[in-house]
Amino acid sequence: METWNPVTGTENPGPRRAEGTTSPSEPVTSGEAPAVAPVRGTGLRLAYDQRVVVDGLDVEIPAGSFTVIVGPNGCGKSTLLRALGRTLTPRAGHVDLYGEPLASLGNKQIARMLALLPQTPVAPEAITVRDLVGRGRYAYQTLLRQWSASDGVAVRAAMEATGTTDLADRKVSELSGGQRQRVWIAMVLAQDTDLLLLDEPTTFLDITHQVDVLDLCAQMHREGRTLVAVLHDLNLAARYATHMIAMRDGEVVATGTPHEVVTAEGVEEIFGLRCRIITDPESETPLVVPLVTR
Amino acid sequence: MNRPTTVAEAVAEQAESAGRRGARRLLPVVDEGHLSVVGVVVPWNRRATLVVTAALVLVLTALVLSLTLGRLGVALADLPAVLRGEGSKTEHFVVFTNRLPRALVGVCAGAALGISGAIFQSVTRNPLGSPDIIGLNAGAAAGAAAVTLVWPGILPAPVGALLGGAVAVTLVLLGAGRGLQAPLRMVVIGIGVGAMSLAFVQFAITRTRREQAQEMAAWLNGSLNARSWEHVTIIAVALVVLGAAALALSRGLQQVEMGDDAAVALGVPARRVRLLAVSVGVGLAAAAVVVCGPVAFVALVAPQVARRVTGSAGPGMVAAGAAGALLLVGADLVAVHQPWFGSLPVGVLTAGIGGLYLAVLLTREWRRGTL
């Protein structure tokens with residue numbers, strides 16, 4: 001069985017804590033994975049200005065999963081991720097984090113439980129890799145205590161885990177796309193949360209770096225984090241996900257394992273693409289092969 | 001114990017060993033780019049500290065020069081005595097009534113403009129962002145023109161300036177909407193409001209008698225002429241209060257530079273931080289306009305210079321303030337004591353320097369292909 005939290009394990013199945021930070025009252029059981037979902041959205045109505053993208057949506061992210069949200073362009077998958085990561089406030093409904101409504105938790109408190117890497121974060125001019133990764137520690141700092149030894153340790157460990165230690169003193173603007181994405185992931189990793197949301201982390205990367213970033217994600221998942229990612233590439237999604245959520249027109253049309261979601265009928269329903277599903281000879285996950293239509 | 005493999009394990013192990021060591025040190029320590037003194041830990045950048053120290057020394061030098069230069073200047077050797085209240089009546093007058101208030105207003109207003117510019121450049125994520133761009137100065141000029149030329153005497157000029165600036169900024173903020181999420185919209189609307197304000201000023205000037213119009217034109221350039229201790233008090237209080245607020249906000253502001261989503265996810269209430277920061281920036285710039293008129297370009301140039309010289313990321317409030325103070329008081333020193341044109345309003349000089357700097361900046365961006 002997959003241990004939900006191998007790090008703090010038997011003592012405290014709740015979110016890992018660097019030091020004595022306040023924790024919401026999630027149930028403390030011993031050993032067993034708790035039933036409460038890391039994130040759950042209920043009756044979500046999501047909109048930009050006047051345009052409603054998602055309405056009346058319920059969604060739950062299983063604890064310890066590597067959940068990938070897929071769907072055609074404009075189906076609301078990034079919108080949903082933003083709502084789960086509280087960067088978009090729902091017009092109706094609510095998001096619960098470990099069973100607590102987001103609205104009842106403080107800004108920094110949430111940031112110590114949930115990290116989100118947006119689609120297009122902006123690297124400040126002239127910032128070094130080390131400083132950018134350090135910015136992931138904001139939620140652990142106060143005005144008078146803007147750095148602590150645990151911040152330094154977390155930043156070093158995050159750079160180590162993402163293979164960016166050698167880049168520490170380089171300017172982020174000088175890095176290649178693949179390196180830069182690793183640095184951003186290091187920043188959210190430094191946030192030291194159990195829950196990691198990634199909005200299209202592989203966009204603009206070539207195939208090598210897409211696999212590289214997803215391998216890194218898989219590694220973070222193996223270390224015990226719950227991951228939620230929005231991905232464009234259905235085949236890569238099926239390869240890495242333990243749980244998939246397929247969306248179309250603002251609604252969830254299928255959830256389950258890659259084998260359950262990525263079927264010929266499913267793909268046609270979701271994307272309107274006629275295809276054959278074969279088994280990926282490398283990973284034994286479903287592989288989408290579009291039919292020849294000419 | 002094995003080498004920690006995850007962030008959390010590493011942090012937990014560190015916390016444990018720190019607990020064993022018994023943490024808090026009393027002597028100042030610089031470690032990992034941070035200075036810690038009695039439990040307070042702030043970022044520490046050696047280059048920035050050196051630059052700011054150098055700038056402050058130069059500001060102090062400019063202050064002394066402003067008291068000693070020129071025909072009426074007090075000799076350097078006599079200065080300490082005069083400052084202690086000794087010395088002749090003339091010397092006393094020159095220092096305390098004439099020159100010291102002027103220089104102090106210059107230092108404080110320059111610092112206020114520098115910090116204000118740093119805030120606006122951070123919020124608009126644009127090196128050209130400044131209170132000038134969003135129409136604050138033009139609005140202030142229109143307000144001053146309204147109360148001195150169109151309806152003379154209904155309010156003192158500085159109050160008119162404050163109201164005019166407030167109206168202009170309010171229009172811009174309302175027009176931009178969406179919690180100031182779209183900095184470019186703010187700039188575009190600011191240009192429009194600024195143009196309308198300047199049209200009003202031109203209208204007012206063409207309608208009035210020549211002497212009054214000339215007086216107005218001098219104020220419009222921005223000038224430190226005939227500043228009193230009252231002005232010093234206004235700008236010093238604004239600088240201390242709003243400057244402290246700017247410092248407190250700068251940590252959140254630098255996170256917001258990464259985009260609202262990233263900032264919110266990191267635990268920063270992006271909209272609130274930005275709204276507060278813009279209010280503080282407007283307040284600082286407005287206080288400066290009230291005491292010395294719409295001095296051009298200090299707010300634009302100072303934070304840029306500060307960022308480049310310190311080579312640091314983030315708004316850098318202290319460095320921007322120091323650069324602004326040095327720029328304004330230095331420019332005033334040159335404007336008053338240059339031998340060619342008699343005494344000039346300082347704004348003429350800062351506009352000249354600023355224009356030149358802007359041209360260089362734009363050319364460089366253009367060459368790099370980022371414009």
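Reply: pLDDT is the predictor's confidence in each residue, running from 0 to 100. The model is predicted, so local features need a pLDDT of at least 70 and side-chain atom pairs count only at 80 or more, while totals for chains, interfaces and linings use all residues. Residues are numbered from 1 along each chain as its sequence is written, with chains lettered from A and ligands numbered from 1 in the order in which they are written.

In chain A the mean pLDDT is 87, and 88% of the residues score at least 70, but over residues 1–31 of chain A the score stays under 50. For that stretch, the model has 57 contacts beyond four places in sequence (a contact means C-beta atoms, placed from the backbone, within 7 Å).

The part to examine closely lies in chain B, where helix 12 (residues 298–310) packs on helix 13 (residues 317–337) at about 125°, their axes 8 Å apart. That angle makes helix 12 of chain B oblique to helix 13 of chain B (under 35 degrees is roughly parallel, over 145 roughly antiparallel, 65 to 115 roughly perpendicular, and the rest oblique). Their crossing is right-handed (the near helix is turned clockwise from the far one by less than a right angle).

Technical notes. Axes fitted to C-alpha atoms, helices over the stretch in contact; angles between N-to-C directions. Helix = DSSP H or I, 4+ residues; strand = E, 2+ residues; numbered from the N terminus. Contact = placed C-beta atoms within 7 Å.
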